[in-house]
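Here is a briefing on one protein chain. Look over the sequence and the structure first, then read the points below.

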Amino acid sequence: MHKILLAVYIILISYSVMADDLQALERKALSGDTAAQVSLGGKYFYIDRMRDYTKAKEYFELAAAKNDPEAQTALAKMYKNATGVKRDFAKANYYLELASNQGFAEAYLVLGSVYRYGLGVDQNFNKAAEYYQKAIDAGDTNAATELAWLNYYCLNFKNEPEPDSEEDISFIGSHENAKELLELAASAGDTAAMIELGKMYYYGTGVEQSFTSAYHYFELASQNDDKNASRWLGLMYLKANGVTNDYSKAKDYLELSAKHGDSIAQYELGKMYKHGLGVKTDYLKSFEYFKASAEQENAYAQYEVGMMYKDGLGVQEDFRKAKHYLLLASIAGIKNAENQLNIITNHCLNYKNYPFTDLYQHALKAHAELEIAKVLEYAAYQGNQYAQFKLGKIFYEGNLAIKPDYKKAKIFFELAANQGHAEAQYELGGLYHSGKGVTQDMKKAKEYYELAFKQNNAGAQMALGILNQYGYVNNTIEYKKALEYYSLAAKQGLIKAKTQADIITHYCLDEKIAKGITNEHISNYKFGYQFSSDENQSSVDTKLIAKPVKWNDQAQFQLGKLYYPSPKAKHYFELSASNKNTEAMFYLGEIYHNPSRYPSGGYGTEFEIDYAKAKEYYQAAADNGIEKATHALQDIYIDKCLGIPVLGYE
């Protein structure tokens with residue numbers, strides 16, 4: 001408590017002292033002390049709690065009447081900038097001429113800007129440069145920055161001389177001059193000069209490009225809490241220009257700049273949060289940064305805000321607001337903004353005025369994925385089961401614009417399924433079957449498959465066959481039921497259903513094969529154990545096949561091995577097998593079992609897999625004592641009857 005009272009007492013004393021000092025200064029000023037008049041004018045002009053432009057003008061005028069250049073320049077700035085007075089360039093320039101005639105550096109600096117921008121005089125870069133140089137010579141380093149900018153931005157700019165004038169008033173800037181002047185200003189602590197030097201090196205404008213030098217100057221400027229410097233450093237870390245990519249540092253620097261209202265930093269932060277660059281994707285934060293930047297007329301940010309309103313990302317979907325921001329972006333020249341405006345104008349704002357099919361077909365032709373989804377979503381919530389199903393498929397599969405979302409897919413599949421849409425019922429069964437977006441539940445999967453089955457859905461017939469073949473419901477394997485379902489699906493042209501039906505018919509229902517399988521055999525199969533045979537073609541004895549007559553089964557077999565695995569091999573194996581050669585029978589089983597194993601031009605190009613014929617030949621070979629044929633039959637049984645099927649859902 002005592003400390004607080006002491007602090008208050010000190011403050012009161014300091015104010016008292018200041019009041020006494022101010023009164024003393026006023027007495028001096030009123031008595032004609034020029035320095036006091038200038039000092040007092042400055043206090044009323046610059047100090048917030050004392051600010052009184054009328055009094056400042058009065059004291060500056062008293063000193064200016066005594067030809068004080070500082071007071072004259074101060075008055076000139078008041079008239080030039082309309083600070084406390086009505087803007088009057090004529091009066092401003094009058095006072096500047098008075099001050100500059102006395103060699104006052106700041107007067108030269110302000111006169112340079114007068115001629116640079118043509119404030120009350122004809123614009124003349126040559127005179128602007130002349131006054132800036134005079135200011136530099138008089139010790140004003142700020143003028144070096146201004147003259148550097150004049151060089152930098154006015155390259156190859158040439159003033160037109162007055163008619164009939166012999167005076168060459170051209171001013172042609174140079175990068176070299178700009179660099180030297182900026183270095184002079186930067187060495188004196190001018191932050192703006194540091195930024196400009198950094199930009200010259202960043203882009204390689206008038207100097208050899210050097211990200212290292214650019215970083216050096218941006219870093220110097222950032223030590224003065226310059227928002228532009230923080231933004232440039234953030235961009236360098238974001239884009240890995242001259243430094244290692246570091247999203248964390250990029251974010252820190254950009255946030256410093258964004259807090260000071262830098263629209264570019266706000267825009268870049270919006271992109272980081274939208275695309276999850278070094279941060280967790282956050283559409284709300286992204287929208288907030290884009291909106292802050294857009295309010296400062298950043299056209300790229302206006303486009304992003306428009307798109308987020310259009311797509312409902314981080315903000316409630318609002319097509320009219322989207323149209324407003326996209327229009328601003330389009331006016332500023334953002335190319336895709338006009339295309340998006342057309343989509344909104346022709347579709348999003350007019351859903352109720354067009355038939356669903358027309359909107360959908362138009363969006364399809366435009367290849368506009370998000371627009372397709374929007375059209376479907378509108379129709380889906382209006383109860384269109386086709387739109388509900390299609391939207392479910394989009395969320396299930398995803399596309400270039402939309403990531404897969406199984407939970408959303410389930411919502412729309414359910415809407416359509418509840419209206420009796422067979423494909424939706426089948427897809428919903430698939431979700432419960434695979435456990436995507438839901439807890440895996442085979443009973444529910446079966447329920448939805450059966451609903452689709454009642455409408456003769458081939459996919460559901462196939463799926464029910466799988467559930468029964470592998471005992472997914474109640475852990476009971478039902479090969480005969482599975483065969484019934486597969487046969488129905490096969491009749492509708494489902495090739496994989498026919499394959500499964502053949503497997504069940506020739507293998508899964510064959511008790512002889514199943515009885516011969518041991519646990520060791522299953523274990524070996526699962527770990528990739530394969531039974532091999534000698535297929536070395538070079539070992540064939542050509543004497544045996546010199547004359548392959550029809551009753552010489554060994555010669556026919558060896559000739560088949562010689563051509564193996566070409567199409568001719570099958571021909572000779574068949575001849576040999578017809579003469580009771582059991583090895584040839586095994587090879588024919590191999591050919592029909594797995595034609596895709598063989599190189600281009602082999603069996604895979606001649607015929608398709610045929611489990612029935614494969615079994616026929618394998619069984620014949622096995623019955624004649626070929627052990628590897630028995631193993632082949634058992635392998636097929638383990639793989640196709642006991643294995644886990646590969647579904648479209650997996």
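The points below cover the overall fold, the nonpolar cores and the aromatic pairs.

This is a predicted model. The chain has 650 residues, and 46% of them count as buried. Its secondary structure comes to 34 helices and 0 strands.

**Overall fold**

- Take the contacts between residues at least 6 apart in sequence: 48% of these join residues at least 24 apart.

**Nonpolar cores**

- In soluble globular proteins, nonpolar side chains tend to be buried together.
- The largest nonpolar core here holds 75 residues. Within this core, Phe-60, Leu-96, Leu-147, Leu-150 and Phe-218 touch the most other members.
- Which residues does Leu-147 contact, leaving aside its neighbours within four places in sequence? They are Ala-129, Tyr-132, Gln-133, Ile-136 and Leu-181.
- A second core is separate and has 37 residues. Its members include Met-462, Ile-466, Tyr-592 and Tyr-611.

**Aromatic pairs: Tyr-203 and Trp-232**

- The count of aromatic pairs comes to 31.
- The ring centres of Tyr-203 and Trp-232 are 5.9 Å apart. Their planes stand at 85 degrees, so this pair is edge-to-face; the cut-off for that class is over 60 degrees.
- Tyr-203 belongs to helix α10 (residues 191–203), and Trp-232 belongs to helix α12 (residues 227–239). The pair therefore ties together parts that are 29 residues apart in sequence.
- Is Trp-232 buried or exposed? Trp-232 counts as buried because its relative accessibility is 7%, and the cut-off is under 20%.
- Tyr-203 and Trp-232 also belong to a cluster linked by ring pairs. Tyr-202, Phe-211 and Phe-218 are in that cluster too.

**Aromatic pairs: Tyr-267 and Tyr-300**

- Tyr-267 and Tyr-300 form a tilted pair. The distance is 6.2 Å centre to centre, with 45 degrees between the planes.
- This pair links distant parts of the chain, 33 residues apart. Tyr-267 sits in helix α14 (residues 263–275), and Tyr-300 sits in helix α16 (residues 299–311).
- Tyr-267 is buried, because its relative accessible area is 12%. Tyr-300 is exposed, because its relative accessible area is 52%, and exposed means over 50%.

Key. Residues numbered from 1 in each chain as written. Predicted model: local features only at pLDDT ≥ 70, side-chain atom pairs only at ≥ 80, totals over all residues. Heavy atoms only, no water. Core = buried A, V, L, I, M, F, W, Y, C linked by side-chain atoms within 4.5 Å. Buried < 20%, exposed > 50% of the residue type's maximum accessible area, 1.4 Å probe, protein only. Contact = heavy atoms within 4.5 Å. Phe/Tyr/Trp six-rings, centres within 6.5 Å; stacked < 30°, edge-to-face > 60°. Helix = DSSP H or I, 4+ residues; strand = E, 2+ residues; numbered from the N terminus.
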